[in-house]
Amino acid sequence: MTATLGRRVGVLRFCDACGGQPLRPFAELGEIPVFCGVHWASRDEALASPLGTMSLAYCPDCGYVRNIAFDPNALVYDATMDTNLHHSPAFQSFSTKLVHHLAARYPLRGATVLDIGCGQGEFLRELCHVAGARGIGYDQMYAGPTGPDPSGAEFHCAAAPLDDDAPPFDFVTSRHWFEHLADPYGFLVRLRELAGDRPVRGYLEVPDAAYDLATAGWEVIYPHVSYFDGYSLCRIAQRAGWQVVATGPLFSGMFRYVEISCNLPDQDILTTLPGLSDRDRQLDSIAGFAGRHAAERERWRSVIDRALAADDRPVLWGAGSRGVQFLHLADPDNRLAAVVDVNPRKWDRYLPVTGHRVTSPESLATLGTRTVISTNPAYRNEIGAALRALGVEAELLVA
Ligand SMILES: [Zn+2]
């Protein structure tokens, strides 16, 4: 890993979202795991996996936040990565509701939906099935069969080709991918160029930085280059030539969506867009973030200390990217008794940098734990119900 911090000295990066001002550094989080979506076959490989520098900077005009030390060459996406959220019933039900919402709201029957960063295709398949649309999904992490499938969608294990051969589309969707891009503005500009003078609509969904930067920041992870709240997300879409039709928080406030369009009438706009008071709230969160992040890291180390001192066997539930970041910051020396996850693809595999082994939730039945930590408030009920079903009497703490 190269020392990426050195490269930005003397180089100002102007805000990607509004283009207004050079970004100002506000939090140095040091070295963090680069591949937080990779689950390694051996502990040695996991321990040797790379670190990258997280150096956050913000725009005083719009509240956009970016890791200005991000090195695009450090991170290559492929089908060995698994950032799939669909193993969780809470996420599945959220995604299904979204599919029905979009199918009811937009004229998708017979339309072509381009899904950029389609993951394993669950969302696009369901959208095509429910809306009667044709879908084209692209993702370098897509590991299923490629080509057309019975839902009306076809899948490619590749980055979306946004060159002149890109397929024409009526609706573009991208969920939890936009924040990974080194050039998010260029991406939206290119999509707008591809839309040309046709009426095109779109749906983008990202982690909501209004949540991430107002809390401990477990989702401040290396693959996330950009951190958007509602205000900066609308700004970047508008600056790239899109009309913002609607925006709002989703999934217990942890996600944020924006619906965009072009070549469609103004009266399509359905919601009040975020304003300066939203931006100011985000600037306050940014101002307090470095201190809050450091304090939360220490607090959770103390929680684990106290549990161990009381002969407890504390565990972490959830080995996704938030979990990986939590372990790196709060349990680097592997004091937790277990890390469990509902995704069977992660079982008996090892997490990057810290080397924690992931096991199934069933492994808790005989462990004797009294403390279960989750980094995700949206899964509180789901984890509580699973613990009861396993007969595990433990306190559930949400970090
Ligand atoms: Zn800005």
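Let me begin with a definition: two strands are said to pair if DSSP finds at least two bridges between them. Strands themselves, like helices, are DSSP runs numbered from the N terminus, where a helix (H or I) needs at least four residues and a strand (E) at least two. What we have here is a predicted model, in which local features need pLDDT of at least 70 and side-chain atom pairs count only at pLDDT 80 or more, while totals for chains, interfaces and linings use all residues. Residues are numbered from 1 along each chain as its sequence is written.

With that in hand, please look at the open sheet of four strands, which has the order 1-2-3-10 and antiparallel pairing. Its edge strands are strand 1 (24–33) and strand 10 (226–227), each of which pairs on one side only. Strand 3 (residues 65–67) runs antiparallel to strand 10 and is joined to it by two bridges, and the partner that R66 finds in strand 10 is S226. Helix 8 (residues 276–309) packs on this sheet, where it touches strand 1, strand 2 (51–58) and strand 3, and its direction makes about 35° with that of strand 1. Touching, or contact, is counted when the C-beta atoms of two residues, placed from the backbone, lie within 7 Å, and the directions come from axes, which are lines fitted to C-alpha atoms, for helices over the stretch in contact, with angles running from 0 to 180 degrees between N-to-C directions.

There is also an open sheet of five strands, in the order 15-14-13-16-17, and here the pairing is parallel. Strand 15 and strand 17 (395–398) stand at its edges with a single partner strand each, so one side of each has no neighbour in the sheet. Within this sheet, strand 13 (residues 315–317) and strand 16 pair in the parallel sense over three bridges, and W317 has S374 in strand 16 as its bridge partner.

Let me turn to a hairpin. Strand 11 and strand 12 pair in the antiparallel sense over seven bridges, with L250 standing opposite F255 in strand 12. The hairpin has four residues between the strands, and F251 there takes a positive phi near 55°. Is F251 buried or exposed? F251 is buried, since 21 other C-beta atoms lie within 10 Å; the rule is that a residue is buried with 20 or more other C-beta atoms within 10 Å of its own, exposed with 12 or fewer, and partly exposed in between, with C-beta atoms placed from the backbone.

N334, which is not a glycine either, also has a positive phi of about 55°, and is found in the loop between helix 9 (321–330) and strand 14 (338–340). N334 is exposed, because 12 other C-beta atoms lie within 10 Å.

Finally, consider a pair of helices. Helix 3 (residues 89–105) and helix 4 (residues 122–131) pack at an angle of about 40°, with their axes 9 Å apart. That makes helix 3 oblique to helix 4, because angles under 35 degrees count as roughly parallel, over 145 as roughly antiparallel, 65 to 115 as roughly perpendicular, and the rest as oblique. In this contact S95, T96, V99, H100, L102 and A103 in helix 3 meet E122, F123, E126, L127, V130 and A131 in helix 4.
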